[in-house]
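I set out to read one part of this structure and to record what I looked up. The entries follow in the order in which I made them.

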Amino acid sequence: MAGTLREINIKSDMPTVSDAIKRITFNIRNAGSLGISAIKFVHGYGSSGKGGSIRTEARKYLEDQKKRKLIRDFITGEDFSIFDESTQKAFLLCDDLRRDSDIERHNNGITIVIL
């Protein structure tokens, strides 16, 4: 059986962008020791009219982490679909993703990190 999925809501108390990135970093660094192979970060999509700065900066940060090979990949909520190649590869590493409630919802308020 492939590893497990953990969901982390980083927007629940409306943190600053800096604090949100710290939460992402902490959870990525500690996931391996807990047997977690994927993390679904709920960051919101900026519906308040302020532009979704946490989402934007989190994805920039994750792109950098991917380039540095500190994470395998990340999947934006918009692309989280059974037809997406990255999602299909992620299923092999984390079977829990197949049953996630956001699959096929094109939810731009989440990002999934593959460890």
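Entry 1. I listed the contacts of H43 in this predicted model, leaving aside its neighbours within four places in sequence. H43 is in contact with I10 and K11, with I54, R55 and R59, and with N108, G109, I110 and T111.

Entry 2. I then looked up where H43 lies, and found it in the loop between β2 (36–42) and α2. Is H43 buried or exposed? I note a relative accessibility of 5%, and because buried means under 20%, H43 counts as buried.

Entry 3. I checked the side chain of H43 for a polar partner. A polar contact of 2.7 Å joins it to the side chain of T111.

Entry 4. I turned to helix α2, residues 53–67, and compared its length with expectation. At 1.5 Å a residue, its 15 residues should span 21 Å, and the end C-alpha atoms are 21 Å apart, which agrees.

Entry 5. Which residues of α2 are buried? I recorded I54, R55, A58, R59, Y61, L62 and Q65. Seen down the helix axis, these buried residues fall within an arc of 165°, so they line one face of α2.

Entry 6. I looked up what the buried residues of α2 pack against, and noted α1 (17–31), β3 (73–76) and β4 (110–114). On the other side of α2, K60 and K67 are exposed.

Entry 7. Lastly, I examined the backbone just after α2, where K69 takes a positive phi of about 65°.

How values were computed
Residues numbered from 1 in each chain as written. Predicted model: local features only at pLDDT ≥ 70, side-chain atom pairs only at ≥ 80, totals over all residues. Heavy atoms only, no water. Helix = DSSP H or I, 4+ residues; strand = E, 2+ residues; numbered from the N terminus. Expected span 1.5 Å × (residues − 1). Buried < 20%, exposed > 50% of the residue type's maximum accessible area, 1.4 Å probe, protein only. Arc of directions from axis to C-beta. Contact = heavy atoms within 4.5 Å. Polar contact = N/O pair within 3.5 Å; in protein donor to acceptor, adjacent residues only side chain to side chain.
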